[in-house]
Amino acid sequence: MDGKQEQLQQWIAHSGNIVFFGGAGVSTESGIPDFRSVDGLYNMHYKYPPETIISRSFFDADPEEFYRFYRDKMLWPEAKPNAAHLKLAELEQAGRLQAVVTQNIDGLHQAAGSKTVYELHGSVHRNYCMKCHQFYDLDFMVRGEGVPRCPVCGGVIKPDVVLYEESLDQATMEAAVLAIARAEVLIIGGTSLAVYPAAGLINYYQGSRLVLINKSPTPYDRRADLVLSGPIGEILGAITV
Ligand code: ZN
């Protein structure tokens with residue numbers, strides 16, 4: 001165990017008020033690629049960049065194309081929690097971790113057993129009829145083809161996922177801010193901190209144990225009290241609870 005890993009271990013072992021804030025990098029180790037990482041495939045298969053397709057105006061104008069992309073790139077029903085998800089759930093159960101704040105929509109923290117999870121961008125597990133507000137689960141969305149319609153009233157079903165042009169859920173955002181503002185240890189992982197609202201949320205942290213875990217440098221490395229570079233599953237997985 002090197003010095004930085006040892007330091008992280010000590011801070012975790014001595015705190016009962018840890019908050020974790022994570023981004024897409026937490027799920028890539030579960031085989032879920034960041035849909036924003038534009039590769040050649042998009043150019044071949046889609047007429048528009050992901051940011052355009054995953055926007056509210058695009059959803060309203062062309063739900064067929066939206067769902068073609070959404071089913072291909074954003075639904076990963078076979079994905080399983082990795083060592084990072086599992087360790088965070090274990091830390092919560094042990095009374096060390098107070099909350100997980102995530103930008104991911106895959107529900108893997110809950111699948112790992114975490115209870116207090118603030119999903120800033122919503123979840124693919126919740127879907128609702130835009131007409132009668134009946135809710136549908138991920139299975140329902142995976143089973144169908146094309147634009148999913150409500151069996152009750154025929155309305156179009158929309159994922160409870162925050163699209164571009166839509167605002168974040170206010171209550172979720174406030175709860176995340178509060179958890180971060182009160183945290184003793186804030187661990188941030190798997191995010192470049194470039195996407196809104198990630199950068200803004202850090203500013204609420206008032207402690208002196210800000211930990212960044214990332215594969216590549218971020219603009220906040222200098223502000224952190226501890227920076228670990230490497231796969232987050234490996235780093236968190238090595239923590240002893
Ligand atoms: Zn309906």
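Biologist: What makes valine 152 count as exposed or buried in this model?

Modeller: The model is a predicted one. Valine 152 has a relative accessibility of 61%, and exposed means over 50%, so valine 152 counts as exposed. Valine 152 sits in the loop between H9 and S6. Its C-alpha atom is separated by 11 Å from that of phenylalanine 135, and the two residues are 17 residues apart along the chain.

Biologist: Why are cysteine 132 and cysteine 153 described as partly exposed?

Modeller: Cysteine 132 has 35% relative accessibility and cysteine 153 has 29%. Buried would require under 20% and exposed over 50%. Both values fall in between, so each cysteine counts as partly exposed.

Biologist: How do you know which atoms coordinate the zinc ion?

Modeller: A donor must be an N, O or S atom within 2.8 Å of the metal. The SG atoms of Cys129, Cys132, Cys150 and Cys153 are at 2.3 Å, so they qualify as donors. Along the chain, the donors of the zinc ion follow the spacing C-x2-C-x17-C-x2-C.

Biologist: Why does the pair of cysteine 132 and cysteine 153 tie together separate parts of the chain?

Modeller: Cysteine 132 lies in the loop between strand S4 (122–129) and strand S5 (135–136), while cysteine 153 lies in the loop between helix H9 (138–143) and strand S6 (157–161). These parts are 21 residues apart in sequence, so the pair ties them together.

Biologist: Why is the site of the zinc ion called tetrahedral?

Modeller: Four donors count as tetrahedral if all angles lie between 85 and 135 degrees. The angles among the four donor atoms here are 94 to 116°, and the site is therefore tetrahedral.

Biologist: Is tyrosine 136 buried or exposed, and how do you know?

Modeller: Tyrosine 136, in strand S5, has 11% relative accessibility. Buried means under 20%, so tyrosine 136 counts as buried. From C-alpha to C-alpha, tyrosine 136 and tyrosine 118 are 20 Å apart in space, and they are 18 residues apart in sequence.

Biologist: Why is asparagine 104 placed in its accessibility class, and where does it lie?

Modeller: Asparagine 104 has 9% relative accessibility, under the 20% limit, and so counts as buried. Its place is in the loop between strand S2 (97–102) and helix H8 (108–112).

Biologist: What makes lysine 80 exposed or buried?

Modeller: The relative accessible area of lysine 80 is 57%. Exposed means over 50%, so lysine 80 is exposed. Lysine 80 lies in the loop between helix H6 (63–73) and helix H7 (83–93).

Biologist: What lines the second largest pocket, and how is its lining divided by class?

Modeller: About 180 Å³ of space lies in this pocket. It is lined by 13 residues, and the closest to its centre are Gly122, Asp160, Val161, Val162 and Asp169. S4 and S6 are the elements that give two or more residues to the lining. By class, the lining has four nonpolar, three polar and six charged residues. Domain 1 (3–32 + 81–121 + 167–237) and domain 3 (125–161) each provide at least three residues of the lining.

Terms used
Residues numbered from 1 in each chain as written. Predicted model: local features only at pLDDT ≥ 70, side-chain atom pairs only at ≥ 80, totals over all residues. Heavy atoms only, no water. Donors = N, O, S within 2.8 Å, 3.2 Å for Na, K, Ca; no water. Tetrahedral: all angles 85-135°; square planar, octahedral: opposite > 155°, others 65-115°. Helix = DSSP H or I, 4+ residues; strand = E, 2+ residues; numbered from the N terminus. Buried < 20%, exposed > 50% of the residue type's maximum accessible area, 1.4 Å probe, protein only. 1 Å grid on protein atoms, 1.4 Å probe; cavity = no way out; pocket = protein on both sides within 12 Å on 5 of 7 lines; lining within 4 Å. Points joined across faces, edges and corners; volume = space filled by probe spheres on them. Nonpolar A, V, L, I, M, F, W, Y, C, P; charged D, E, K, R; others polar. Domains from an automatic or database assignment.
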